[in-house]
Amino acid sequence: MTQKHRLSSFDRTQGLGSAREGVRHWWMQRVTALALIPLTLWFAASLIAYIRDDYSVLILWLRNPFTSVAMVLLLTALFYHMALGLQVVVEDYVHNDRIKIPAVAVIHLASFALAAAGIVTTLRIAFGE
Amino acid sequence: MAGNDRPLSPDLQIYRPQLTSVLSITHRLTGIALSVGSLLLVGWLIAAAAGPSAYATLHGFLASWLGLLLLLGWTFSLFFHLCNGIRHLFWDAGYGFDLRTIYASGWAVVVISIGLTLVAWIISFGMRGPHP
């Protein structure tokens, strides 16, 4: 009731609302989306150009430093974006906290694991074994 | 607010689908499809790192009709989610909210994402012959 305990709109953006999150989730979803525009276009164009070639040509392409950097950026932005997006889907349709909270945790852990696997594999190819 | 037995809005049983709502749910569905497709991306990298025989096995699966069907679905999902995502970013920036623009951009997303899917597959197949 007292005026000093009421949150302003600005307070909510700073993470003082009930979810304690502010605009971080919303903002990072947009930032990763922006990053994914050139990265997915580059990846799609590259796949069209290289996927049907020999294995050796593909590996040569993957070992190109530009490819390695772009691939790591793609994996980072993609799995970050995926974790945020799937989290919203779960939060919209699952209203039982006993399911929702573990489901969101699993989504985040799986996204991190996939990102780690993809990035390590990209670097293994880049540095050649 | 007397009486809780009234139907909740929107009642999907009687609610006529509109371009806006159909594209909205398609954005979500393609996002989920692309999440599944991201498993293939990581699997594809792992197969490439594992060596020519592992890569050939994955390639063989992708060249099957089921593999090609999945690839076609993911190609469309990628281009749709990309185009409609850009539409969302314009909305986030405060542009394109009037009804006429919303429908025009919606139809543009449909046409461009189907067009890009066709172009990608025609280039992949038409210029290089059948899948190895």
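Trp44(B) lies in helix 1 of chain B, where helices (H or I, at least four residues) and strands (E, at least two) are DSSP runs numbered from the N terminus. With 19 C-beta neighbours inside 10 Å, Trp44(B) counts as partly exposed; a residue is buried if 20 or more other C-beta atoms lie within 10 Å of its own, exposed if 12 or fewer, and partly exposed in between, with C-beta atoms placed from the backbone. The C-alpha atoms of Trp44(B) and Tyr55(B) are 7.5 Å apart in space, while the two residues are 11 apart in sequence.

The model is predicted: local features need pLDDT of at least 70, side-chain atom pairs count only at pLDDT 80 or more, and totals for chains, interfaces and linings use all residues. Residues are numbered from 1 along each chain as its sequence is written, and chains are lettered from A and ligands numbered from 1 in the order in which they are written.

**The two chains**

Chain A follows the pattern α-α-α-α-α along its sequence. The radius of gyration of chain A, taken over C-alpha atoms, is 20 Å, well over the 14 Å that the globule rule gives for 129 residues, so chain A is more spread out than a compact globule. That rule is 2.2 Å times the number of residues to the power 0.38. The C-alpha trace of chain A spans about 70 × 30 × 25 Å along its principal axes. In chain B the elements run α-α-α-α from the N terminus on.

Two residues are in contact if their C-beta atoms, placed from the backbone, lie within 7 Å. Of the contacts in chain A with a separation of 6 or more, 65% are between residues 24 or more positions apart. For chain B, 73% of the contacts between residues at least 6 apart in sequence join residues at least 24 apart.

**Nonpolar cores**

A nonpolar core is a set of buried Ala, Val, Leu, Ile, Met, Phe, Trp, Tyr and Cys residues joined through C-beta atoms within 7 Å. The largest one has 23 residues, of which Leu75(A), Leu78(A), Phe79(A) and Ala48(B) touch the most other members. At least two residues of this core come from each of helix 2, helix 4 (65-93) and helix 5 (97-127) of chain A and helix 1 (19-50) of chain B. Helix 4 of chain A gives the largest share, 10 residues. Leaving aside residues up to four places away in sequence, Leu75(A) touches Ala115(A), Gly118(A), Ile119(A) and Thr122(A). Another core, of 7 residues, lies apart from the largest one and includes Leu34(B), Phe79(B), Phe80(B) and Cys83(B).

**Contact between the chains**

The contact takes 25 residues from chain A and 24 residues from chain B. On the side of chain B that touches chain A, helix 1, helix 2 (52-63), helix 3 and helix 4 (99-126) of chain B each supply at least two residues. Helix 1 of chain B provides the largest share of that side, 11 residues. By class, the side of chain B that touches chain A has 16 nonpolar, 5 polar and 3 charged residues; Ala, Val, Leu, Ile, Met, Phe, Trp, Tyr, Cys and Pro count as nonpolar, Asp, Glu, Lys and Arg as charged, and the others, Gly among them, as polar.
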